[in-house]
Amino acid sequence: MTIIGKLDLRTFLRNATVFAVALLVFELGTVGLAGCNQARSLSRSAEVVQPASPGSWKATIVSDGEPGESLVVSGTIYAPDGRTPLEGINLFVYQTDATGRYTTSGGDNRNTRIHGSMRTNAEGRYEFRTIRPGSYPQSRNPQHIHAYVSGPGYPEYWIDEYHFNDDPFVTDEMRGKAEKGKMSSILTVTRGADGVWRGIRDIKIERCSRNCTGR
Ligand SMILES: [Fe+2]
């Protein structure tokens with residue numbers, strides 16, 4: 001190879017690297033860097049459908065007519081002893097739409113298009129109504145719903161995403177690592193005669209030692 005040939009190759013490789021990095025940044029930005037890495041962005045989305053309503057133990061986090069299969073998730077949040085239901089614990093959730101997209105404009109994961117907040121009642125209960133999220137486009141990423149918990153004496157942290165036991169993209173490894181029973185992050189979902197999917201997940205809160213958000 002001539003010197004000119006080597007220089008051309010070097011230039012080509014450099015340009016190709018820059019292009020690849022730019023493409024990666026673009027992909028993460030559109031699919032949801034804020035989604036899975038839990039990172040925060042300063043940008044704000046203008047596509048909020050449902051404002052956070054942290055005062056109620058129940059929330060509907062999609063508008064009427066949101067495309068997708070209806071889903072209701074409920075459960076109880078317990079103290080670290082795993083037995084005492086806790087009142088006043090905040091649960092914040094956000095997810096993709098049925099096509100696997102968070103938002104078309106990217107941005108703050110507190111402000112993704114489909115999100116909502118609840119606060120547990122005297123029985124420690126929470127419930128949210130939504131639609132089943134889609135996998136990220138052209139991916140084998142399982143359907144999932146992100147979630148944070150916090151409350152008096154419990155600084156905020158994020159917990160394992162909600163997954164679905166009937167999702168073929170949930171791996172055996174994921175199933176093996178997940179808690180069992182109602183504490184499992186992999187929801188056992190059933191579809192009622194009304195066409196609504198339902199799943200239960202109880203949560204044992206902890207004083208965050210990992211995944212802390214600093215809030
Ligand atoms: Fe995500």
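Which residue in β4 is the bridge partner of Phe92? I looked this up first, and found Ser117.

**Ground rules.** I am working with a predicted model, where local features need pLDDT of at least 70, side-chain atom pairs count only at pLDDT 80 or more, and totals for chains, interfaces and linings use all residues. I count residues from 1 along each chain as its sequence is written.

**Whole chain.** I found three helices and 11 strands in the protein chain. These are DSSP runs numbered from the N terminus (helices: H or I, at least four residues; strands: E, at least two). Along the sequence, I read the pattern α-α-β-β-β-β-β-β-β-α-β-β-β-β. Of the 215 residues, 30% are buried, which here means 20 or more other C-beta atoms lie within 10 Å of a residue's own, with C-beta atoms placed from the backbone.

**The sheet.** I traced an open sheet of five strands in the order β4-β3-β6-β7-β8, with mixed pairing. β4 (114–119) and β8 (186–187) are at the edges with a single partner strand each, so one side of each has no neighbour in the sheet. I call two strands paired if DSSP finds at least two bridges between them.

**Pair by pair.** β3 (residues 90–95) runs antiparallel to β4, over six bridges. β6 (residues 145–151) and β7 (residues 154–164) are also an antiparallel pair, with five bridges. Here I saw Gly151 opposite Tyr154. Two residues separate β6 and β7 in their hairpin, and Gly153 in the turn has a positive phi of about 85 degrees. Next I checked β7 and β8, which are parallel over two bridges; His163 stands opposite Ile186 in β8.

Note on methods
A residue is buried if 20 or more other C-beta atoms lie within 10 Å of its own, exposed if 12 or fewer, and partly exposed in between; C-beta atoms are placed from the backbone.
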